[in-house]
Amino acid sequence: MENAELISLSRQTALRRQMNVVANNLANISTSGYKTERSMFSEYMMPVAEATTFPTQDQRLSYVWDRGTLTEFDAGPIKLTGAPLDVAIDDNAFFVVETEQGLRYTRNGAFQLNTEGTLVTSEGFAVQGEGGPISFGPTETNISIAADGTISSSAGEKGKLQAVTFDAPQQLTRAGSSLFAGEGAIPSQSLFTQGALEGSNVRGVVEVTEMIEVSRAYQSLANMMKRFDDLRKDAVQRLGTVRA
Amino acid sequence: MKALNIAATGMLAQELNVEVISNNIANMRTTGFKRSRAEFQDLLYQNLRRPGSATSDAGTIVPAGVEIGSGVKTTATPRIMSQGSVQSTERELDVAIRGEGFFSIQLPDGRTAYTRDGSFERDATGTIVTANGYTVGSGIIIPENSRGISINAQGSVQAYLNNDVAPTELGTLQLANFTNKVGLEAMGDNLYLETAASGTAQIGTPDDPGYGNLLQTHLEMANVNAVSQISDLIAAQRAYEMNSRVIKAADEMLSSTANLR
């Protein structure tokens, strides 16, 4: 009887994590360049944690195991912002950003200039061009970014935005601040759109339905555990009644 | 439960988003106003299982790990310094900047502020001042008995004194530009202050390379687009609602656990 509770418990733990993932997706529904995260579950044949005094061969216990979270890398909607330093990048490429921990990759193209006139992210990390960071002088105007990533201003051509792709983007880890970390970046030719940003690819409807599903599943498990408890209480009462 | 905190960060972010949007809409008719936009980023992740770590001695690896995020944060509310539309006012001391640059304004406390709002006035001494009475630039004085004030595209202020046939040059309105205009600090009254992020002001004459030119009897309107602001507002409100639903769902899960007895 305890086995049923252990199995329910494994499911409840997994559901709580799934709820956290859904909550994080919904919290980031308006984060530029954010990619939806999904929970993956698999059946786990439990060899050790069993509360059976006499284990039988045909009764295998299968627990729920949240094996991983995968990132949905499909493109988010492109929103026109009108800001000259906002750049959207096509389908599966990433911008390269230099942080203190090394190179990081992002799809959030909301760039700015810092005091030195260098193109940076809103966290202040330098955006990498094909020949290093891209800087502008104090009196340069009319910054324009061509579709192939070439940046030019009133002082002429300034450099070219670097774009990379990955063979196995699922191997990328999330570093917070819209950044991804990982190895095996492949330089790519990508299309850039100036004055536009890629929105979050979180779909509200999908997340809300998943949230309802999670909370109902959790409740039904709680009910089930209560039933088992009642059953056991019943058994204890009946079996324990001593006939005088 | 973590979902409660995560959804709370989402609600806070959307609340701030609505604040920024409402400020843009409130300033839709403010001369020289530049709209802001709230920018968000995801918070740190908790790695419960790292992708790429070995799962067996045969060299198999975890294809996708378990990463649980912890919500959203607001990183910046940058101003979008694009040109606003220019409207004719037929007032001779209204000046619009077409292109880059800010008018410099002397504050009463000695600091210098910068503005795109060119709705100037004359004070009792004839000095060109802002609507709040702060001196514009180094102070250009228009004498009492002058008529026909003209400000040309290069910022030169001229007027006909007494009964003169030719106009007299009274001074030049100069423009200040910054490496990073978005880094300016807004102090209200349509004024901005220089910060470490904006870089120091580069003073120049209008129409020089890198500077805009001036247009007399016109004012620059706010660069707020009502339609996009309202659609942003709707999106922000719905996102807020969805996050509050998460809090409710997490609460229901917790209460069903609490009622297990």
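This is a predicted model: local features need pLDDT of at least 70, side-chain atom pairs count only at pLDDT 80 or more; totals for chains, interfaces and linings use all residues.
**Entry 1: a glycine in chain B**

I began with B:Gly148, which lies in strand 12 (residues 146–151) of chain B; helices (H or I, at least four residues) and strands (E, at least two) are DSSP runs, numbered from the N terminus. Residues are numbered from 1 along each chain as its sequence is written, while chains are lettered from A and ligands numbered from 1 in the order in which they are written.

Is B:Gly148 buried or exposed? I found 10 other C-beta atoms within 10 Å, so B:Gly148 is exposed. The scale I used: buried means 20 or more other C-beta atoms within 10 Å of the residue's own, exposed means 12 or fewer, and partly exposed is in between, with C-beta atoms placed from the backbone. Not counting residues up to four places away in sequence, B:Gly148 touches B:Ala159 and B:Tyr160; contact here means C-beta atoms, placed from the backbone, within 7 Å. B:Tyr160 is twelve residues from B:Gly148 in sequence, and their C-alpha atoms are 6.0 Å apart.

**Entry 2: an arginine in a loop**

Next I looked up B:Arg79, in the loop between strand 4 and strand 5 (86–88) of chain B. B:Arg79 counts as partly exposed because it has 19 C-beta neighbours inside 10 Å. Leaving out residues up to four places away in sequence, I see B:Arg79 touching B:Lys34, B:Ser36 and B:Val182. I also checked B:Val129, 50 residues from B:Arg79 along the chain: the two C-alpha atoms are separated by 25 Å.

**Entry 3: strand pairs**

Pairing needs at least two bridges found by DSSP between the strands. B:Gly188 stands opposite B:Leu191 in strand 17. The two strands form a hairpin with two residues between them, and B:Asp189 in the turn has a positive phi of about 55°.

Strand 12 (residues 150–153) of chain A pairs with strand 13 over four bridges, and A:Ile151 stands opposite A:Gly159.

**Entry 4: chain A as a whole**

I count two helices and 19 strands in chain A. Its radius of gyration is 26 Å, well over the 18 Å that the globule rule gives for 244 residues, so chain A is more spread out than a compact globule. (That radius is taken over C-alpha atoms, and the rule is 2.2 Å times the number of residues to the power 0.38.) The C-alpha trace of chain A spans about 105 × 30 × 25 Å along its principal axes. Of its 244 residues, 38% count as buried. Among contacts in chain A between residues at least 6 apart in sequence, 63% join residues at least 24 apart.

**Entry 5: where the chains meet**

How many residues of chain A are in contact with chain B? I get 56 residues of chain A against 62 residues of chain B. Helix 2 of chain A brings the largest share of chain A's side, eleven residues.

**Entry 6: the cores**

A nonpolar core is a set of buried Ala, Val, Leu, Ile, Met, Phe, Trp, Tyr and Cys residues joined through C-beta atoms within 7 Å. The largest has 34 residues, and A:Met19, A:Val22, A:Ala23, A:Leu26, B:Ala7 and B:Val246 touch the most other members. Helix 1 of chain A gives the most to this core, eight residues. I then listed contacts of A:Leu26 beyond four places in sequence; among them are A:Val202, B:Ala7, B:Met242 and B:Val246. A second, separate core of 30 residues includes A:Ala93, A:Leu119, A:Val127 and A:Leu197.

Definitions and conventions: Two residues are in contact if their C-beta atoms, placed from the backbone, lie within 7 Å.
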